[in-house]
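Biologist: Before we talk, could you put the model on the screen, so that we can go through it together?

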Amino acid sequence: MADHESEAAQVHPAVEEARDASIGFSNPADAEYKTGDVIEKSVHLPTGYGSASDDNVDTPIGGEPNEREKQTLRRVGERLPFAVFLVAIIELCERFTYYGCQGIFQNYVQKPPDGSLGPGGLGLGHAGATGLTTFYTFWCYVTPVAGGIVADQYLGKYKTILASSFIYMAGLLILVCTSIPSSLRHGAGEGGYVTSIILTGIGTGGIKANVAPLIADQYTRRTMEISQTKKGERVIIDPYITIQHIYMMFYWSINIGALSLIATTYMERDVGFYSAFTMCLCMFIVGTTVLILGRKIYIERPPTGTIVTDAFKVVGLMVRYRNMDGAKPSWLAEAGASAAVNWDDTFVDEVKRALIACKVFLIYPIFWLCYGQFSNNFVSQALQMAGHGIPNDLMQNFDPIAIIVFLPILDQILYPFLRKRGIRFKPISRITFGFFVMSLAMMYAAIIQHVIYTRPPCYGKPLCDASVVNGEAQGNDIHIAIQTPAYVMIGIAEIFASATGYEYAYTKAPPRLKSFVQSLFLLTNAFGSALNEAFLPVLYDPAILWMYVGITVACFICGCLVWIFFHKLNDKEEEMNFIEHDVVPTNTEGEQKA
């Protein structure tokens, strides 16, 4: 491994200089790094210097660590470029809009217009609401595939995000206009809602597939380096710790945006659905404005023509020749095959790495099936409980609140604590743990559903006529706050499984296929939504209790499968992360192209 890295660095000596310019100083040695400790400025050495074959010799400050140092020295990350925070703001605004709307869609579609269950909506009932909201989630996570292809092959990430933002805004404007009470009275609600979710889903796809890789592209280091803290401790600057931190912060910003539900639930109840949708539209405009104003700051990889098509051709040749190297020009030449290809052996190795990540993603749909419960069936479950003045869809906010509280604790305290003691909590381990925590959340939901059926006045038939007070049905005698632990556990599970999934999709993807591979990870969420649709026939009392039991068992089993099939990938983490030629182009002035 050390020989390979040293050789690659000698072949591409300009790579580090290009990366150095992209973060605003002449080379990494001129920066002060920080992850709990402030790292002293180091003397810059050529990339690969110090990576000697003699592992007993200490690498000079600024050189690449040898194998002994990789095993013994503490690893730290770096300060984040300013552009990372700009992209995080864009994602925050988009997620503010998405969750602010999506979180009240269940009530908007379910509640009858006569106000018998609270503020009037479309009146399509529980199953109809769950069906449409689940379709919306499915649609929002299918469209990223198209968004990834358009970005990687035609427009690039920035232009794709910008175009998708205008489509998204059109859908939001339609939603606002058709949710006004007068529009609902004239029958415009259903058609406007369906049109809106189609358009906003397309917009979401173009944004989601590209924002996640764009934020990590703003950080350009890809090789490790020896440095020294002010206390004299020799440490390794590990770029993948910084990337992990970027995606933790990215996920944190997503959930800051998700707190929009606190406002939209009360606006829905006290003013009307249209007011909540209007606020979401305004916030989205803020995010689009930041996107446009920062256009000259962002680092972006240019689109590369037929790159996605070439990746599919590579996979096709692998299948055809039943050999993972069967698409390499060198292998084809040795085998005497007549296939003409326009890629090199390196690209085939990159696709192979991406395929490994995609195999891990195959188990994610069950995780997303469980995750999807918090925005539809948990909302309906809360309606069956005594609200005590709390809107039934407000409880969803404990999911992002849990993430906002626990994510910094993990990122800034627990993970550095483990690294200082030589314990590296690698991606497969984090993903497995996330599945197990999610199964606990579903088990808790099943217990709550059982308790609801044991409480008056309606027992096993919640919202019956006996519960009607002042013309509005009331839930059974169990406080709505009892749901809180389920949402907290879902939030913790997301930190370990979902945030790590974003990171895994980025670090294992070829440089020219970041958006497309990210979209494949997001596609697993769509499959989870499709599975959710399959459960529509059992969304009635008391069958829904057994649905919770079933997905609890399924999620636990899937967590076991992740570990059984993929735990060995932890041992290959560094090897899989090393992406040769992964450098962002710069213009003639040494600034990044936007």
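Modeller: Leu-463 is partly exposed, with a relative accessible area of 27%. Please keep in mind throughout that this is a predicted model.

Biologist: Where is Leu-463, and what is its phi?

Modeller: Leu-463 belongs to the loop between H18 and S5. Most residues other than glycine have a negative phi. For Leu-463, which is not a glycine, phi is instead positive, with a value near 65 degrees.

Biologist: Which cysteines form a disulfide, and how far apart are their sulfur atoms?

Modeller: A search of the whole structure gives 1 disulfide. A pair of cysteine sulfur atoms has to lie within 2.5 Å to be counted. The pair that forms this bond is Cys-458 and Cys-464, and their sulfur atoms are apart by 2.0 Å.

Biologist: Is that disulfide of Cys-458 and Cys-464 left-handed or right-handed, and is Cys-458 buried or exposed?

Modeller: Cys-458 has a relative accessible area of 7% and is therefore buried, whereas Cys-464, at 23%, is partly exposed. The torsion about the S-S bond of Cys-458 and Cys-464 is about -85 degrees, so the handedness of the disulfide is left-handed.

Biologist: How far apart are the end C-alpha atoms of helix H14, and which of its residues are buried?

Modeller: Helix H14 covers residues 345-361, and at 1.5 Å a residue its 17 residues should span 24 Å, which agrees with end C-alpha atoms that are 25 Å apart. An α-helix has 3.6 residues a turn, so residues three or four places apart point the same way. The buried residues of H14 include Phe-347, Val-351, Ala-354 and Cys-358, together with Glu-350, Arg-353 and Phe-361.

Biologist: Is Ser-179 buried or exposed, and which backbone oxygens does its side chain reach?

Modeller: Ser-179 sits in the loop between helix H6 (157-178) and helix H7 (181-185), and it counts as buried at 2% relative accessibility. Leaving aside residues up to four places away in sequence, Ser-179 touches Tyr-108, Leu-184, Phe-273, Tyr-274 and Phe-277. A polar atom of the Ser-179 side chain lies 2.9 Å from the backbone oxygen of Leu-175, and the side chain of Ser-179 also reaches, at 3.1 Å, the backbone oxygen of Val-176.

Biologist: Is the peptide bond from Pro-456 to Pro-457 cis or trans, and what about the one from Asp-541 to Pro-542?

Modeller: Pro-457 is in the loop between helix H18 (427-452) and strand S5 (468-469), while Pro-542 is in the loop between helix H20 (514-534) and helix H21 (543-566). Omega is near 5 degrees for the bond from Pro-456 to Pro-457, which is cis. For the bond from Asp-541 to Pro-542, omega is near 5 degrees and the form is cis.

Biologist: Where is His-388, and what is its phi?

Modeller: His-388 lies in the loop between strand S4 (385-386) and helix H17 (398-420), where it counts as exposed at 58% relative accessibility. Although His-388 is a residue other than glycine, its phi is positive, near 50 degrees.

Note on methods. Residues numbered from 1 in each chain as written. Predicted model: local features only at pLDDT ≥ 70, side-chain atom pairs only at ≥ 80, totals over all residues. Heavy atoms only, no water. Buried < 20%, exposed > 50% of the residue type's maximum accessible area, 1.4 Å probe, protein only. Helix = DSSP H or I, 4+ residues; strand = E, 2+ residues; numbered from the N terminus. Expected span 1.5 Å × (residues − 1). Polar contact = N/O pair within 3.5 Å; in protein donor to acceptor, adjacent residues only side chain to side chain. Contact = heavy atoms within 4.5 Å.
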